[in-house]
Amino acid sequence: MNDFRMPSLGADMEAGTLVEWKVAPGDRVRRGDIVAVVETQKGAIEIEIFEDGVVRELAVAPGSLVPVGALLARLEGQAEATDAAPAPAPAPAPTPPPAPAPPASMAPASLEPPARPRVTPAARRRAAELGLTLEGLHGTGVAGAICLADLPQARPLRAGGFEPLGMRRAIAAAMGRSKREIPHYYLGQSVDLSPTLDWLERLNAGRGPSQRLLPAVLMLRAAALAVAGSPELNGFWKEEGFRPGEGVHVGWAVALRGGGLVAPAIHHADRLPLDALMAAMRDLVTRARSGGLRGSELTDATITITSLGDRGAESVLPIIHPPQVAILGFGRVAERPWVVDGAVVPRRIVQITLAGDHRASDGHRGGLLLARIEALLQKPEAL
Amino acid sequence: MSTTAPPRTTYREACRQAIRAAILADPRVFLMGEDVGRYGGCYAVTKGLLEELGEARIRDTPLSESAFVGAGIGAAIAGMRPIVEVMTCNFSLLALDQIMNNAATIPHMSGGQFAVPLVIRMATGAGRQLAAQHSHSLEGWYAHIPGLRILAPATIEDARHMLAAALDDPNPVLIFEHIMLYNMEGELDPAVQGVDIAKARLRRPGHDVTLVTYGGSLFKTMAAAETLAAEGIEAEVIDLRVLRPLDTATIIESVGRTRRVVIVDEGWRAGSLAAEVAMRIMEEAFFELDAPIRRVCSREVPIPYAAHLEQAALPQPETIAAAARGLVRPSA
Amino acid sequence: MTRDEILALVADILGGIAPEADIATVPGDADLRDALDLDSMDILNFVAALHERTRRPIPEADTPRLVTLNGVVAYFQTAGP
């Protein structure tokens, strides 16, 4: 039997609420199958399973708040499941079996349990619904209990099931950790995007609106190809040090209307041709805003790209999303005077910026990455 | 077009008219009890009824609760619709064996062959300096007993109409009339021709705290709600009306709105009806609660004779308001 | 198409793109991207939906004419190419 536990869908996640099981006991599952939907601060996330097998037991009922690492279900591995022979009956135990140990992946309990805060039942339930931890809240209820008045109002209805306050806390936790732990270096480069945009306009002129590409897709494509050649900027910083990513999985930052941000991964972005990349981006943005992101999309990104779009600022000094080691920023494309062959001409310029983790790489390597992106954007027909 | 105001009457008169109407409407109905005839009832509820309706329908009994309650049970089994008056619930303990071991159980033990369509009225509660043997509130004890329906009319309308519904019930019904309500004056809407004896009723809507009460405590609770309203606290007041079977749904629904509860019960606190209501809330609405449940009950003493001590022993509008305030504005 | 028909179509399409947006509150000359927090992907999807529902070809160069309600109305009230 193998245990399927609540995955961590981000460094800041402590628990998730099981919304729905997509499998039942007896179902055969394959690695990558979606088996459950879990509500987190990033909305309702579809959770994939990581191994093949047969579901034997669902340990948690929908509606339960489950800490990261706690048991969700038990699986019978493939070998066990296909083995038809019944297992021999175990010899009767001479002593009662010991009490089950707490799940190994849960944090060891500290010797001094913290004083249990007083929380009213209604407040505890709402906090769970909102995905809030109660630590640090000041209680104003009877006997100093944390009561409903001390919590934000019930979840505002949003299309994607996002709770703005919960998401804000998640962003605060991740970015706070990043600024505390990651020694950032920053690089910036102004890149003439005119060849790319001219080429793109010619391409789009022959296409209907639904077939057109956005400039962001070309920038993403160029960046993903360039990142593939900069392994030290593509991966994770773990306790043991840098671990390169297995593929270029670009976390694409999607701003949510009304506030909040999520950067789900486009897997193997460097291997997708432009039209497929456009389709992947469209799908990802839609699901980020309406719900239905998958757990792997929240955990697999090896580098993040944030593109400010045509109403954004001209450049961004981005903050690395831990445990990643780099983030690329694309500012708003703006027409600027530019020197070409000794003459000043109007050109469409984009500021590309990079924040790198100095523990994993140096500015020199980062500069090479930016130069490669620039070079790729000068030859859009090759993208 | 002119409209006439609904006629004003008293709770006592409403009780009297209920008995009179029931006797006139159904030849099987009669009233018996101590001093109900010639004396007119110790709280004057039945004054004048003997003269109007005659000795066959208004019967004085010896001072023997066990005997005349038992006689009422027998009459009910034999097809009559007796209304038995017990002077106060304090004396009903002499008839407890009849009420519990016979009235409440015979329909069950006979497999439904015998119904006991009996109504027992009794006065309950304190406030008139009648001291410890005449002032207790024992309706919570009776609400413990399966097979009985327990009513607590707190309004003139319920006093006027609950009796008819009780007589229609094929099972024994006990009606507890609080002695401090008899002189209460108010309007009686002639358009209302009957009431249910199943549901609690919202007497005042609010959203900050639910005050659950019944009987003689209702108007103290309403007064507390007025005090609270002046402070900006909107209390919802629920009149239980029926103490058994409890209308839990109405309570739970209100708790879902207010998330805070004070239960007001003139019974003693330990093992009280208030405890039962609180426990129902814990069982069915625990996760709705945003504050501990509070109770305002009588002090755990035999009700004193001295006026100031008696008042101190009973729930009062000030103590009710204070309990609610402590839940809604704990830090104030 | 009449102005009302066009506005109803726009409301329907934007309801699918930004369900939380209330088009009734948007002035006719306001930039939809600012008023409803739409990005370039949203505008592209909006134009694609306008094309699908009206069958009218919309060259990419016309997109800037379609970012206000008044602009959309004017665009579809004129004869197509």
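How many helices and strands are there in chain A? Select chain A and color by secondary structure: there are eight helices and 20 strands, where helices (H or I, at least four residues) and strands (E, at least two) are DSSP runs numbered from the N terminus.

Before going on, a word on the model. It is predicted, so local features need pLDDT of at least 70 and side-chain atom pairs count only at pLDDT 80 or more, while totals for chains, interfaces and linings use all residues. Residues are numbered from 1 along each chain as its sequence is written, chains are lettered from A and ligands numbered from 1 in the order in which they are written, and side-chain values use heavy atoms, with hydrogens and water left out.

**Stop 1: chains A and B**

Stay with chain A and show its surface. Of its 383 residues, 45% count as buried; buried means under 20% relative accessible area, exposed over 50%, and partly exposed in between (1.4 Å probe, protein chains only). The chain exposes about 18500 Å², with 56% supplied by carbon and sulfur atoms; such areas come from the Shrake-Rupley method with a 1.4 Å probe, and for residues only the protein chains shown count as cover.

Now switch to chain B, which has 12 helices and 14 strands. Buried residues make up 55% of its 332 residues. Among chain B contacts (heavy atoms within 4.5 Å) with a separation of 6 or more, 82% are between residues 24 or more positions apart.

**Stop 2: T221(B)**

Select T221(B), in helix α8 (residues 218–230) of chain B. Is this residue buried or exposed? T221(B) counts as buried because its relative accessibility is 0%. Leaving aside neighbours within four places in sequence, show what T221(B) touches: L211(B), T213(B), V237(B), V264(B) and I320(B).

**Stop 3: aromatic rings**

Next, display the Phe, Tyr and Trp side chains. Rings (for Trp, the six-membered one) pair if their centres lie within 6.5 Å; planes under 30 degrees apart count as stacked, over 60 as edge-to-face and the rest as tilted. The count comes to five aromatic pairs over all chains. One of them joins Y11(B) and Y182(B), edge-to-face at 5.8 Å centre to centre with 65 degrees between the planes. This pair links distant parts of the chain, 171 residues apart: Y11(B) is in helix α1 (residues 11–25), and Y182(B) is in the loop between β7 (173–178) and β8 (185–187). Y11(B) counts as buried at 0% relative accessibility, and Y182(B) counts as buried at 2%.

**Stop 4: where B meets A**

Move to the interface, where 12 residues of chain B are in contact with 11 residues of chain A. The two chains bury about 870 Å² between them, 60% of it on carbon and sulfur atoms; buried area is the accessible area (1.4 Å probe) that two parts lose on being put together, summed over both. Which residues of chain B lose the most area to chain A? Select F287(B), D290(B) and P330(B), together 52% of what that side buries. F287(B) is partly exposed, with a relative accessible area of 49%.

Then pick E288(B) and R125(A). They form a salt bridge with the closest N and O atoms 3.2 Å apart, and the rule (a side-chain nitrogen of Lys or Arg within 4 Å of a carboxyl oxygen of Asp or Glu) finds one salt bridge across this interface.
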